[in-house]
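Reader: Please take a close look at the second chain. I want its strands, its packing and its contact with the partner chain, with every cut-off stated.

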Amino acid sequence: MAAASPVSGEMLTAFLLRLADDHLILGHRLSEWCGHAPMLEEDLAMPNMALDLIGQARSLYQYAGEAEGKGRDEDQLAYVRREREYVNCLMAERQNGDFAHTMLRQFYFAAFMQPLWQAIMSSTDARLAGIAAKAEKEVAYHIRHAGEWVVRLGDGTEESTRRMKAAVEALAPYVDELFESDEVSRAVAEAGIAPDPSTLRPAFDAIVGPVFAEAGLDWVETPYGQTGGRQGRHGEALGFLLAELQYMQRTYPGMTW
Amino acid sequence: MIGETVVTAFPSGRLFPAGGEKEERAYSAAAAVVDPEIPAVTIAELGILRGVEMDGDVAVARVTPTYTGCPAVLAIELAVETALREAGFEPRVERVISPAWTTDWITEEGREKLRAYGIAPPVKASNSIRALFGETEVACPRCGSLETARISEFGSTACKALYRCQSCHEPFDYFKCI
C-alpha cells in the first residue's frame, strides 16, 4: 500500500469512480445481450466479458469506498447514486445498437484500457497495481475477441461492411473523451498512480490501426466530439440503464442475496 | 467474513504451511474442496487455494479468483469455510487478487484430471499467445489430435474457451491460458 502517496483521498476516489463506472456501465450494457446474441457462442462470449468488467468494477468500487472514507460500500456506490453522480465515459453508456456497434465499442474500450492497465501494473499504489495485473490479462482477451469481429464484419459481406462502417461513424464522436485530461487525471498521474489518459492515444492507435487496416476500414475524424461524462453530464440513454440497474436496491434498500 | 479483498499474498510468500500439525490439518481440509464448476479437480490442484495459516485459534485460508468476476468464488469461499469448520477450526476466508492467478499454478495432477474430465488443460507458457490473432495448438482431450479448431474465445465459464476436434468431431472445453 502506498501510504505516503501525495494524492488526496478525494482525487483518488474521483479517479477510481471513473474507472469503476466505466466498467460497471459497459458491463451492464454487454449483459443486455444475454439471450439476444446472433449466435450461441456470442451469447456466451458477451456475458463472459460483462462478468470480467463487472468483477473489475467491484474491486474498484471496494477501493473507492475505502479511499472515500465515508462508509459507502461497493453496493451503495454501484446502485444508489444519482445519474449526475456517475462519471463514466459516454461511450460506455451508449445503447448497444447492432452487433457491429457493440463489438466496435468493446474493441475501442479494450484498446483504451489495455495500455492503461499495463501502466497501472507498475503504479505507486500497490492495491491498484494488483487489480490491474488481473484485469490486464482479461482485457487482452477482449481485444482479441472484439478485434476479430471488427475484421470479420469490416471485411465481410456487403451488409456487414455497411454496418461496421456505420458503427465507426456512430462511435467517432465518443473516442476523444477517453483521452481527456483534467485536474483529477493529472493529480493521479503526478502521484505515479496512473498515467494521464492524454498520453495513451499512441498506444490506442497502435492497437486500432492494424485491425482497421486488416478490416479495410478508414478512420473517421469528427469535428464535434462529445464530452461531459467525467463531470456527470450524460446522454439520455444512461437514465434508462440506471432505472433497470438500480431497481432492486431502490425497491428493497440494503437487500442482499 | 467472506469476500474481504486483501491484496497481499502471504507475507512469507509461501503457499504451504510451515509444517505445524494444526496448519497441516487445516490445509488438508481446505485443499480437499473441489471446484463447484469442475468437480473433478480440487481448489489446491487449480492453484486457487493460496494457503492456510493459523492466526491464534483461527484458521485463515486465502483463495484467489481465476477471473475477477468469477461467480464461483463465493461458492468456493463458503465451501472452504465449511470444510475448515467441519475439521474443527474457527475459519476465516480471505480473498487475495495479487499476485494474479495464472494457469501455470495448476498442478500436473490437476492438468491430468482436467484432461480426463474432458477439458483440455491450458497450453503452457502463458505469455506466448498474447499476439493479436495468435492461434494456439490445443490437443483434443479425448483423442489427443492436434487437428482442433476454436469455436469461441469464451466457453461455458469465464476461464474456458470452446473448441472442436476435427479428428473425432467432439466439441470440448479448453481451459484458457492466462
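Author: What follows goes from the chain as a whole to its strands, and then to the core and the contacts.

This is a predicted model; local features need pLDDT of at least 70, side-chain atom pairs count only at pLDDT 80 or more, and totals for chains, interfaces and linings use all residues. Residues are numbered from 1 along each chain as its sequence is written, while chains are lettered from A and ligands numbered from 1 in the order of writing.

First, the layout. Chain B has three helices and eight strands. These are DSSP runs numbered from the N terminus: helices are H or I with at least four residues, strands are E with at least two. In sequence order the pattern is β-α-β-β-α-β-α-β-β-β-β. Of the 178 residues in chain B, 45% are buried. Buried means 20 or more other C-beta atoms within 10 Å of the residue's own; exposed means 12 or fewer; partly exposed lies in between; C-beta atoms are placed from the backbone. Contacts in chain B between residues at least 6 apart in sequence join residues at least 24 apart in 58% of cases. Here a contact requires C-beta atoms, placed from the backbone, within 7 Å.

Now strand β3 of chain B, residues 58-63. Five of its six residues are buried. β3(B) pairs with β2(B), residues 49-55, in the antiparallel sense over six bridges. Pairing requires at least two DSSP bridges between two strands. In this pair, B:M54 faces B:A59 of β3(B). The two strands form a hairpin with two residues between them, and B:G56 in the turn has a positive phi of about 65°. β3(B) also pairs with β4(B), residues 90-96, in the parallel sense over six bridges. There B:A61 stands opposite B:V93. In a regular strand, side chains alternate between the two faces of the sheet.

Next, an open sheet. Its four strands run in the order β5-β8-β7-β6 of chain B, with mixed pairing. β5 (119-120) and β6 (148-152) of chain B are at the edges with a single partner strand each, so one side of each lacks a neighbour in the sheet. Within the sheet, β7(B), residues 160-165, and β8(B), residues 171-175, pair in the antiparallel sense over five bridges. B:A161 stands opposite B:Y174 of β8(B).

Then the domains. Chain B divides into domain 1 (4-96) and domain 2 (107-175); such bounds come from an automatic or database domain assignment. Their contact takes ten residues from each domain. On the domain 1 side, six are nonpolar, two polar and two charged. Nonpolar covers Ala, Val, Leu, Ile, Met, Phe, Trp, Tyr, Cys and Pro; charged covers Asp, Glu, Lys and Arg; the others, Gly among them, are polar.

B:A61 returns in the core. The largest nonpolar core has 129 residues, and B:A61 is among those touching the most other members, with A:L16, A:V150, B:A30 and B:V80. Because domain 1 and domain 2 of chain B both give residues to this core, it lies between them. A nonpolar core is a set of buried Ala, Val, Leu, Ile, Met, Phe, Trp, Tyr and Cys residues joined through C-beta atoms within 7 Å.

Last, the partner. The contact between the chains takes 23 residues from chain B and 27 from chain A. The chain B side has 14 nonpolar, seven polar and two charged residues.

Methods:
Contact = placed C-beta atoms within 7 Å.
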